[in-house]
Amino acid sequence: MRPLDPRLLRYASATRLTLAGGAVVAVLQTAAVVAFAWLVTQLVVRAIAGAALGELGALFAGLVVVVVVRGALLWLAEAVSARGGAAAVGQLRSQLVAAFGRLGPRGLAGRSTAELTLVAGRGMDALDGYFSRYLPQLIATAVTMPLLVLVIGWQDLTSGIILVLTLPLIPVFMVLVGWATQAAQKKQWSALSALSKGFLDVVAGLPTLTLFGRQHRQEARIRRVSEEYRSRTMKVLRISFLSGFVLELAASLSVALIAVAIGLRLLGGSLELSVGLFVLLLAPEAFLPLRNVGAAYHAATEGMAAAAGAFEVLDAASRASSEAVDGLAGDGGVAGDGAPGLVLTDVGIAYDAREVVSGFSAEVTPGTLAVLTGPSGTGKSSLVAAVLGFVAHSGSIAVGGHRDAPGRRGAIAWAGQRPGLVAGTVGENVALGDPEPSARRVAEALRDAAAPELAPELVVGAGGAGLSGGQAQRVAVARALYRLRSRSCPVLILDEPTSALDASTEAELVSSLRRVADSGAAVLVVSHREAVVAAADLLLRPGVLTRVAR
């Protein structure tokens, strides 16, 4: 990632205000630095000239005021960067979560869940160092340093020339050190990602590992990955300390060169004491922003690496949105008109130029229980993903009269093959997303999902821990039924809702779906189970045979 990636301005608009506020504060701080150096110079020169203490009173008072102002500006700079950074990180995290929703399961299929969680969680938190420490110094380098160089050159051209010639040495060292730091930081971030993914895999597979007595073998793997992350972290710290020493040495030698030149000219009488002292006080301040940038760079590298990963996801979501808008033109707009059910017209889906679904057309009207069936790999789940707006497609899809992806999703109550339960109670999972949950609707949804034995107060872990596969599946169906009724969705879509159920429970759930369809909803079930197929009013098959009425 570059020192200031333009994508940060695009995806987190608060960064612009942070930059503007930081620039204003930097100008004021520069003025305070110049005033401080001038006042100190006048005090020393006049004191040497024999001025009385009373004559220096006004200068002392001005110096105190400037010191207080510098302290206040330092606090203001930290406040601006902290508040702006918090707002920008919040915006970036919100954009990232929204991008997860736009990409959907298909768009995120090639990315590790643990890595995405790491980027959205710890990675975004690591950006605090970027905004609070690195970005203010970057602004100061762009604002304070040129102004101080101009002031020094105006007062003493020789010192200004030396400053201009020596200043580029620090960026050269920064670039060299930055390359080493960036390489080490990437390896550290990769080690952290591997540790997170490995630990998540072990936790997810712990019941199976314990069942077969293989859980202890994972200890060595976790220990090895943890040790690798520790060694990578220590390497980054070593580079940080070494780079700090190099930058301090370069800056000190540069200031020393200016000081020697000023001292020789003072001895020779070719330079006034007031000018030499004033320039000598300002010279370290001119190098300070660059030194601070180099020191703060290491505090920001982890957040910058995480931001680069976040920008990849956001860019992918932007491309997906553009493709969706392009495809929307063929759908004929976004207005909510037309048939109230589900209508697919000549839908085609392709992945990497490989056609999965071609020319699929179907209509599921209100009051219909339709079953999408067929062998594995014929595009059933892809069709559902296209209906939900997660997969680019050709042709036209309308749900409740809505043709745009957000409008279609708003008109659908859906449960996928994975329950996707969160830590909390069963009731909270069923009413997920409802700001004012209804206990009555939760109980009705559980009953109609063939799960009356599950108490809404029952606490479950992340991923449905504590429930059997069939129970988690029915809780997901109950959540879809709850959404169908609480938001008056016209379409219900279930993907393999009975794959983990026994025959009697399956029959009970199929009977409930029959009642839901009879109540006026358009119900589409993806299934190859005989009991579900037998209950269908409409049988849909991707491929050669697209629709068979029953």
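This is a predicted model: local features need pLDDT of at least 70, side-chain atom pairs count only at pLDDT 80 or more; totals for chains, interfaces and linings use all residues.

Q: What makes strand 3 and strand 9 a pair?
A: Two strands count as paired if there are at least two bridges between them. Strand 3 (residues 369–372) and strand 9 (residues 522–526) have 4 bridges and run parallel, so they meet that condition. One of the contacts is L369, whose bridge partner in strand 9 is V523.

Q: How do you know that strand 10 pairs with strand 3?
A: The requirement is at least two bridges, and 3 bridges join strand 3 to strand 10 (residues 538–540), so the two are paired, in the parallel sense. In strand 10, L540 is the bridge partner of L372.

Q: Why is strand 3 called covered on both faces?
A: A residue is buried if its relative accessible area is under 20%. L369 and V371 on one side are buried, and so are A370 and L372 on the other; therefore both faces are covered.

Q: Why do strand 2 and strand 4 stand at the edges of their sheet?
A: The open sheet of 3 strands has the order 2-1-4, with antiparallel pairing. Strand 2 (354–364) and strand 4 (394–399) each have a single partner strand, so one side of each has no neighbour in the sheet. From one strand to the next, the twist averages 25 degrees.

Q: What makes strand 1 and strand 4 partners?
A: Strand 1 (residues 342–351) and strand 4 share 5 bridges in the antiparallel sense, and at least two are needed, so they pair. T345 stands opposite S396 in strand 4.

How values were computed:
Residues are numbered from 1 along each chain as its sequence is written. Side-chain values use heavy atoms; hydrogens and water are left out. Buried means under 20% relative accessible area, exposed over 50%, partly exposed in between (1.4 Å probe, protein chains only). Axes are lines fitted to C-alpha atoms, for helices over the stretch in contact, and angles run from 0 to 180 degrees between N-to-C directions.
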